[in-house]
Amino acid sequence: MDFTTFVKPSNGGVTTEPHSDTTKLQFWKHVEYIENHGKQEDDYEYCMTEFLRMSGIFWGVTALDIMGQLERLDRNSIIEFVKRCQCPISGGFAPCEGHDPHLLYTLSAVQVLCTYEALDTIDCDAVVRFVVGLQQPDGSFFGDKWGEVDTRFSFCAVATLTLLKRMEQSIDVEKAVKFVMSCCNQTDGGFGSKPGAESHAGLIYCCVGFLSLTQRLHLLDVDKLGWWLCERQLPSGGLNGRPEKLPDVCYSWWVLSSLTIMGRLHWISSEKLQQFILSCQDTETGGFSDRTGNMPDIFHTLFGIGGLSLLGHSGLKAINPTLCMPQYIIDRLEIKPQVLSQ
Amino acid sequence: MSDDLPEEFDLIVVGTGFTESCIAAAASRIGKTVLHIDANEYYGDAWSSFNLEAFNCLLEQPNFTLRNGSYIWHGPESKEENEEMEIVSWTRETLLEKSRRFSLDLSPRVAYSDGELVKLLIKSNICRYAEFRAVDHVCILSNDELVSVPCSRSDVFNTKMLTMVEKRMLMKFLTACNDYKEEDELSFRGRTFLEYLQAQRVTDKIGTCVMQAIAMCDANTSFEVGMQRTNRFLGSLGRYGNTPFLFPMYGSGELPQCFCRLCAVFGGVYCLKRSLDGITQAEQSNELLVSSAGKTLRAKQVVCAPAQLPASLARHYGELKPHISRGLFIAASPLGNEELNKGGGGVILLRLLAEEGAREACLLQLAHYSGTCPEGLYIFHLTTPAISEDPSADLAAFTAQLFQANAPQILYSAYFTLTAQTIPKTSTAMPICCTAAPTYELDYDAAIANARDIFDKLYGEAEEFLPRAPDPEEIVVEGEDPSALREHSLPEDLRAQLQQMDIAE
Amino acid sequence: MHGRVKVRTTEEERERKKKEQVLKMRAYRAAMTRIQIKRSSGELDDELLNLTVQILLRNPDVSTLWNIRRECVLAKTAQLQQAMQAQEKAPAPKASEQTEKEEEEKEQEQAKEEGDGDKKSATYSEQLQTVYATELDLTEQCLMVNPKSYNSWHHRCWTLEQNPEANWQRELQLCNKYLKFDERNFHTWDYRRYVSAKAAVPAEQELDFCTEKIKVNFSNYSSWHHRSLLLPKLYPNELKERPMSEQKLKQELEMVLTAAFTDPNDSSAWFYQRWLLGGGVQREESAEIVAFRCWPHKAELALKTSCPEMVQLKIHLISAQNSLELDNWLPMDANKTQWECGSIDLHANSNYILESDGQRLPLSVHPKDESLYCFVPPHSISTSCSKELLAELQTQLKSCMDLLDYEPDSKWTLLTSALLMRAIDVDKYHEQSLAHLIKLEQVDALRQGYYQDLAQRWNMEIALAKWPETKHFPLVFEMPGKMKRTPYVQYLIVADAIIECD
């Protein structure tokens, strides 16, 4: 049966009744999944993803911390690993040894070190120099010296500096804000990766997060953007990243955290979203996948757990929507990313 | 014909029309020895295509299949006669000069993209011999104008024929039909499809689109049949082109030959201009003795097109009666506006109704992209079930609708009747199987069903009807375990790397 | 990591896969080790380039390998450019007398001198182009593997930027090709915008491309988005009250409505449509004052949207006699829309005007305590519109209402008709548009909270707009219905009492 010319593909609505196993959070399965992630040196997936290892560590560490099981990972070896990844020349962090430093992994490294209260083990001044050096005259940021520009990097830069408490007197915040706002779209109030780029939930998270960190949420058209964001929820309860796309646990996080920062969490159905996220658990191996029935991975596992935390699931520590880190760490650092009230 | 051919066959097939060719191919494909003959000097019998000159000859010499033939030239005879006209147009001379560029079908057909024919061609891998053009437009007549029926979401979006609300209605109606399941709409069981349509509160225009072009119904068509037809239409959408239909490139006469080619590939023997002269039961065996061209051949079974039966047997099948009335027109301009004939036009299908829906006809308009006529010319095929011995009178009600307003510039018109026996069933007394003459249908469903029936009768249902024929490159070497992982199954570059590494270690 | 279906495999299958993976992993590690050794010893040669190809074709996201390639390309191009300069500088006597053949021979010799045997007759600039072409080919292959690889797209841009002779037209064709495979790939659309700017493609041509894409499939948010960028440039609205000229707006509204009627469940065009129905393009850069009240020694101020820093906002009270700057504002609420200033000294009996960045607001005397105040109700969207546009909106509303008659639960139709009503006449259709929101809460329960908030906003907007005409203004404000969250609450600083509804 092919009727595609008249009927567009379904919205990926997961209409099946949730399986009994996936109505409850498989807490210990997930702990086990994260704990074992990468324990086998010769795990193929693990080996082939070494180019983003630093972020992988951040995802695992944060997910376990949210679940109150941080002690299951070896603090010292992680700190040692992170230290080894700092580039002695540029000051930025590489995803792992043998690779080049990049803003993406620099933020992950700083996030991990904040979690372990170990910022003093690295050269923070060098990190600041690295970040500052990547800002461009128009306020945007390169991801590394090779010149890719993207609003993701604007977020990484201000998040890194916020965590290091070095945002003032380092970068030109006004210009940085101006660049991010130049990526705001008139039609939907959302943001893309660069000026003129189509709105995308992942980049909206970066830009809303950026404005939250720079205390400039008033620049958002909350009603317009909020509507676009709440329209991401599909009948399955899951959220997609753009109109007419499939739902995905990671987009669920990006939309959910943006709505939370904007004080509009009540514009979607939390109950249905929770059902969707839980349906993406792998009840055999633990871990979350992008969609019901797919292969789990560490990235979606953090965003699954993080999403549930934002929705107030019991047994999980509160997560900060802007920095995607446990709230207690943000409090400890005395950082206050802006959040709009309802 | 070489007369050193074998004298014994599992099956002798007489007539190279679509149905007979299907059977010949199917038998040959399962390993039967097949002789396929035809009394004519061309392939295809009543399913054949002809160039213009040959077509005229055929009309002049009636045979068992075709009678009441006539043709008229409408344009000027030659250029001299045409001198006073400013634009040099087509003349009888120029048309005949290009005679070979025509491929004029006796039985023009289209195929549903997901219909029986296409499925059979794909399943059997005969599709590699066939080439199709997606029908460009399915039309209805609205106020004497040809209007394209929207066949896709984007068609509905772009069409100017429907109002905003009608667009929604059509989409909704079709989506409902598409989602229809056996257990739905029980209240319409035993009622007509028209009643169902009316209950959906659609406008007249949408009603016309659905009844005439999509469901291809009349007022009496039952709900179940209408729904089935609608879904046949919908199910064939979005596969190849913008409409659910395909037209065989170079004419419908190509199709029987595709089956003949498969038959020949599997050892079938072909002889044209060879008729079936007589047939008798062999003594002391179940074999049949077939006399043809002065020779006696032995066959376990014989399949024959009704029109090629020897006179002695033909009488068992009753009289040949008019079955289908055909009109064929060559014109220098197409039907329909420019939008419908973009870039010179393609293939347009239009179902016509007359006498308040009691009678119907099918129009196929072919432009040169179909490979059936020279550039700048258009062929109109009109087909209707015969009600008399006068095909032109039978079609008058339809030609009047088509050629009244905005008449195209017709250069040539021809009419003929295709015949069929009054008793098409194979009589049990007969030692052979007889196929059915072409019936009035859009696709080949009935013809394929007929072929399949006869095949099953001959070989039992255990034998598959036209299983997939292997491609030449699909040669399987025995003893190889395709699942075993060997290092040499790794990509070239990885292997090189590994070797390098082993040396390093 | 996205969209991989978990398939149950047999034990055998797993073993086989495992073996294969071990081999692949060994190959990967071997190559990576070799790459790192070569890089650290500065061997930026073809072998190094080839080693990266093997990994990148499988995994184009390993950004470090692209960096290495760029290092190799830079090294090669520098070498070639040096050679070219050397050639230019070298005395070429009787160059005009030399036959072409001789020239060729000379080049060959030079190539040999450099030990570059296999590039015989290619000139330096051809060699340079070959270097770039290799990079472009590789990114093209990688994009076939993963059309969403940020790294491959960036490497392509980087390569083209390096090459002064880059063929941008070819890149445009590539975009067309990729958009045929996936018309929603935002990387391709971004790249298209980048390339069409480089190739100086006229905006009209881009708009035509966009229209074609929508005709083929209107379920394409990316196309609608691209359109929204082009139209305000091509058909600007002089007054900035609408996103584009009214003439064009009318056509766009018709097109988008057609899409929605063809499939009201396809959300692609919804946002575009709502944008068309909305007000102007400009968002206020600076904070806008909506209410103000001041007593002899204290002032309160309400802003339309929150403002983190009042320092930037210069606020003056101006009378015939003097001008008084108000500063040292302190926020009164968490959203920073209400501010308080406690250090002023006002002369009584003067007519004051409130002035801030581009705003001049006359002040009235409050009947209760003779404080001075001003109040600007939130503007409703029924800005003036031409007869033609109004007629179009009315036709569209009629079509929507017809459709609702046919499909009363259609979410899109309910919302759109409510928006159309408000675009035509907020006041007249107020109750009816609210009724649509109530219906929407049922048919689109996921977004119940959104519709509730929207209804409250609309209620509040109209109540605030009508407030100045009521007899209790500005003493008493009567809340329009029960509010869970009160939008526009800052506007109420001028009121002494607020009556809640039960």
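**Entry 1: setting up**

I call a residue buried when its relative accessible area is under 20%, exposed when it is over 50%, and partly exposed in between, using a 1.4 Å probe and protein chains only. With that in hand I looked up R153(B), which counts as buried because its relative accessibility is 5%.

I noted that this is a predicted model, in which local features need pLDDT of at least 70 and side-chain atom pairs count only at pLDDT 80 or more, while totals for chains, interfaces and linings use all residues. Residues are numbered from 1 along each chain as its sequence is written, chains are lettered from A and ligands numbered from 1 in the order in which they are written, and side-chain values use heavy atoms, with hydrogens and water left out.

**Entry 2: R153(B) and its partner**

I wanted to know what R153(B) pairs with. My rule for a salt bridge is a side-chain nitrogen of Lys or Arg within 4 Å of a carboxyl oxygen of Asp or Glu. By that rule R153(B) forms a salt bridge with D263(C), and the closest N and O atoms are 2.5 Å apart. This pair crosses between chains: R153(B) is in helix α5 (residues 153-158) of chain B, and D263(C) is in the loop between α11 and α12 of chain C. I take helices (H or I, at least four residues) and strands (E, at least two) as DSSP runs, numbered from the N terminus. D263(C) is buried too, with a relative accessible area of 9%.

**Entry 3: two chains at a glance**

I counted 16 helices and twelve strands in chain C, and 14 helices and 20 strands in chain B. Of the 502 residues of chain C, 49% count as buried; for the 505 residues of chain B the figure is 53%.

**Entry 4: where chain C meets chain A**

For me a contact means heavy atoms within 4.5 Å. Chain C brings 65 residues to its contact with chain A, and chain A brings 70. The area buried between them is about 6400 Å², with carbon and sulfur atoms giving 53%; buried area is the accessible area (1.4 Å probe) that two parts lose on being put together, summed over both.

How many salt bridges does the rule find across the interface of chain C and chain A? It finds five. I looked up the one between the side chains of K411(C) and E231(A), at 2.7 Å from N to O. On the side of chain C that touches chain A, several helices supply at least two residues each, including α1 (11-40), α12 (270-277) and α14 (411-424). The largest share, eight residues, comes from α1(C).

**Entry 5: K411(C) again**

K411(C) also meets D444(C) in a salt bridge, at 3.1 Å from N to O. K411(C) lies in helix α14 of chain C and D444(C) in the loop between α15 (430-443) and α16, so the pair ties together parts that are 33 residues apart in sequence. Both K411(C) and D444(C) are buried.

**Entry 6: helix α12 of chain C**

Is α12(C) largely enclosed or left open? It is largely enclosed by the rest of the structure, because seven of its eight residues are buried. Among them are W270(C), F271(C) and Q273(C). The buried residues pack against α10 (222-230) of chain A, and also against α10, α11 (246-262), α13 (387-406) and α14 of chain C. I picked out Q273(C), which has a relative accessible area of 3%. Setting aside its neighbours within four places in sequence, Q273(C) is in contact with V256(C), L257(C), W412(C) and T416(C).

**Entry 7: strand β15 of chain B**

Nine of the twelve residues of β15(B) (residues 320-331) are buried, so this strand is largely enclosed by the rest of the structure. I say two strands pair if DSSP finds at least two bridges between them. β15(B) pairs with β19(B) (residues 410-421) in the antiparallel sense over eleven bridges, and A331(B) has I410(B) as its bridge partner there. On β18(B) (residues 378-385), the pairing with β15(B) is also antiparallel, over eight bridges, and S325(B) stands opposite T384(B).

**Entry 8: one serine to finish**

S124(B) is in helix α4 (residues 116-124) of chain B, and counts as buried at 0% relative accessibility. A polar atom of its side chain lies 2.7 Å from the backbone oxygen of L120(B). Leaving aside neighbours within four places in sequence, S124(B) is in contact with L466(B), P467(B), R468(B) and A469(B).

Terms used. A polar contact is a pair of N or O atoms within 3.5 Å; within protein, one must be able to donate a hydrogen and the other to accept it, and residues adjacent in sequence count only if both atoms are side-chain atoms.
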